[in-house]
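Thanks for coming. Please have the sequence and the model open while I talk.

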Amino acid sequence: MNFEYNDEQALLRKTVRDFTDKEIMPYIGEWDAKGYFNKDLMKKLADLGVMGVCIPEKYGGSGMDYNSLAIVCEELERGDTAFRTAVSVHTGLNSMSLLQWGTEEQKQKYLVPQAKGEKIGAFGLTEPGAGSDVAALQSTAKREDDYYILNGQKTWISLCDTADHFLVFAYTDKSKKHHGISAFIVERAMEGFSSKATKGKLGIRAGNTGELFFDQVKVPKENLVGKEGEGFKIAMAALDNGRFTVAAGACGQIMACLEASVEYCHERQTFGKEIGRHQLVQQMIAKMEAGLQMSRLLVFRAGELKNKGVRNTRETSLAKWQACDFANQAADDAVQIHGAYGYSNEYPVERYLRNSKAPVIYEGTREIHTIMQAEYVLGYRKDKPLNKMLPAWE
C-alpha cells in the first residue's frame with residue numbers, strides 16, 4: 001500500500017486548490033446569498049483539464065487515474081459544494097457512464113466534447129415520486145420507427161439549466177418493473193425538452209438544481225445507451241461513480257470546516273486564553289481530523305479498486321455514507337466552535353452546515369447505505385458481475 005500522492009496528483013491538488021482560492025473563495029458568499037450559479041467557472045475548469053480528468057486521452061480527457069478525480073472533488077468542495085456537484089454530475093454520473101456503457105459512436109459524439117469541457121453533461125433519474133425507489137419512476141419511452149418518444153418529468157437534477165446532454169432513464173416496458181427501464185442520451189436542443197430551476201433550497205444555493213420536462217421528445221434510437229431493459233443496471237453503476245465523487249467532496253467539506261475552525265480558535269479568546277486551549281473545543285477539532293483521515297482512506301480505497309477495474313459498490317457505499325456523516329458532523333461542530341458568529345454569514349461555517357445536509361440525502365440516503373452495509377455483512381446482498389465494467393486505468 002502506497003499512501004503517497006505521485007507527482008502528477010500532488011500538482012493536480014495544488015492547481016485545483018489555487019483555482020479554488022482565486023476563483024471561488026472570494027465570491028462564494030455573494031453567489032450563495034443571491035442563489036447565483038456562475039457557469040463561467042465550468043469553462044475555466046475545462047481549461048484546467050479537470051472536466052475529464054479521469055477520461056482517457058483518446059476520448060478527450062486528461063487520462064489521469066480515478067483517485068485524481070477524488071482530489072479534484074475534494075479541493076472544489078473546500079470552496080463550495082456547488083462546484084464539486086457540477087463535476088460529480090458531469091464527470092462521475094454522465095461521462096463515466098458513457099465510458100462504461102456507451103457505443104464507440106456515442107463516445108465520439110458525446111463523451112469527447114464532454115471530456116474536453118466543450119459540452120456539459122447531466123443525469124436524469126430522480127422523479128417527484130421516485131427517489132430511493134427507482135422502480136417507481138413514471139417516465140416512459142415508446143419506440144416508434146427510428147425514434148423513442150420520451151414523456152415524463154425529472155426533479156432535483158443538478159445542472160438542469162446548464163447542461164447540454166442528459167443521461168435520462170425511462171420505462172420502455174413497465175410490465176418488467178426495474179428490468180424494463182432503459183437509458184437514453186437526450187440533448188437540450190431536442191424539441192419538447194424544457195427545464196426549470198428550483199429556488200428556496202436550504203443549501204448549495206450557488207448551484208443550479210431543478211426539474212426537467214419531456215413532452216413527446218423524439219430521441220433517436222442511436223441514443224439508447226446499452227440495451228433496452230439495462231437502464232437500472234446503468235443507473236446503479238453510475239451511482240457507484242457519483243457516490244465516489246460525493247464521498248471525496250465530503251472530505252473537502254471537512255477540510256474547509258477544519259481550516260475555518262482552527263483559524264477562529266486562534267483568533268477568539270475566552271477566560272483569558274485562545275478557545276483552542278479549551279478541551280471540549282479540542283475534542284471537536286480532533287473529531288474533524290479523525291473524520292477527514294478515515295474518510296480519505298475509504299475514498300482512496302474505492303478509487304484504487306476503480307483503477308484496477310474491480311467492482312466497488314460495497315466499498316463506495318461505505319465511503320459515501322461515512323464521509324458524508326463525518327462532514328455533516330464537522331459542519332455542526334464548526335458552527336458550535338464559532339458560537340453566535342457561526343449562526344451568521346459573517347463566517348462561512350453556516351454555509352458549510354447548510355451545504356452538508358444534502359449529501360446525506362442524495363445518491364443514497366444514509367439509511368439506504370446503512371441497510372446496504374448490513375446486508376453485505378449478513379450475506380443477504382452480493383454484487384453480480386456486470387457485462388460492462390468501468391475500464392481499468394491504464
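Tryptophan 156 is exposed, at a relative accessible area of 54%; for that label, exposed means over 50%, buried means under 20%, and partly exposed is in between, with a 1.4 Å probe and protein chains only. Tryptophan 156 sits in strand S3, residues 147-158. Helices here are DSSP runs of H or I with at least four residues, strands are runs of E with at least two, and both are numbered from the N terminus. The phi angle of tryptophan 156 is near 55 degrees, which is positive although the residue is not glycine.

Before I go on, two notes on the source. This is a predicted model, where local features need pLDDT of at least 70 and side-chain atom pairs count only at pLDDT 80 or more, while totals for chains, interfaces and linings use all residues. Residues are numbered from 1 along each chain as its sequence is written, and side-chain values use heavy atoms, with hydrogens and water left out.

Next, lysine 177. Its phi is also near 55 degrees, a positive value in a residue other than glycine. Lysine 177 is in the loop between strand S4 (165-171) and strand S5 (181-187). Is lysine 177 buried or exposed? Lysine 177 counts as exposed, with 59% relative accessibility.

Lysine 58 is a loop residue too, placed between helix H3 (40-48) and H4. It counts as exposed at 64% relative accessibility. Its C-alpha lies 8.3 Å from that of valine 112, and the two are 54 residues apart in sequence.

Aspartate 21 belongs to helix H1, residues 7-24, and at 33% relative accessibility it counts as partly exposed. Which residues does aspartate 21 contact, leaving aside neighbours within four places in sequence? They are Pro26 and Arg78, where contact means heavy atoms within 4.5 Å. Aspartate 21 and arginine 78 are 57 residues apart along the chain, with 9.3 Å between their C-alpha atoms.

Glutamate 259 is in helix H7 and is partly exposed, with a relative accessible area of 32%. Leaving aside neighbours within four places in sequence, glutamate 259 is in contact with Arg17 and Arg78. From glutamate 259 to isoleucine 285 is 26 residues in sequence and 10.0 Å in space, C-alpha to C-alpha.

Let us turn to a pair of helices. H4 (residues 66-79) and H8 (residues 279-308) have axes that come within 8 Å and cross at roughly 145 degrees. The axes are lines fitted to C-alpha atoms, for helices over the stretch in contact, and angles run from 0 to 180 degrees between N-to-C directions. On the H4 side the contact includes Tyr66, Asn67 and Glu74, and on the H8 side it includes Arg296, Phe300 and Glu304. By class, this contact has 5 nonpolar, 3 polar and 4 charged residues. Ala, Val, Leu, Ile, Met, Phe, Trp, Tyr, Cys and Pro count as nonpolar, Asp, Glu, Lys and Arg as charged, and the others, Gly among them, as polar.

Of its 17 lining residues, Asn2, Phe3, Glu4, Asn67 and Phe300 are the closest to its centre. H8 gives the most to this lining, 7 residues. The lining has 6 nonpolar, 6 polar and 5 charged residues.

How many cavities of 30 Å³ or more does a search of the whole structure find? The search finds 1. The largest cavity has about 110 Å³ of space. It is lined by 13 residues, and Gln100, Asp240, Asn312, Met389 and Leu390 lie nearest its centre. H7 supplies the largest share of that lining, 3 residues.

For the terms: on a 1 Å grid over the protein atoms alone, a cavity is a set of points where a 1.4 Å probe fits but cannot get out, a pocket is an open set with protein on both sides within 12 Å along at least five of seven lines, and lining residues have an atom within 4 Å of a point. Grid points are joined across faces, edges and corners, and a volume is the space filled by probe spheres set on the points.
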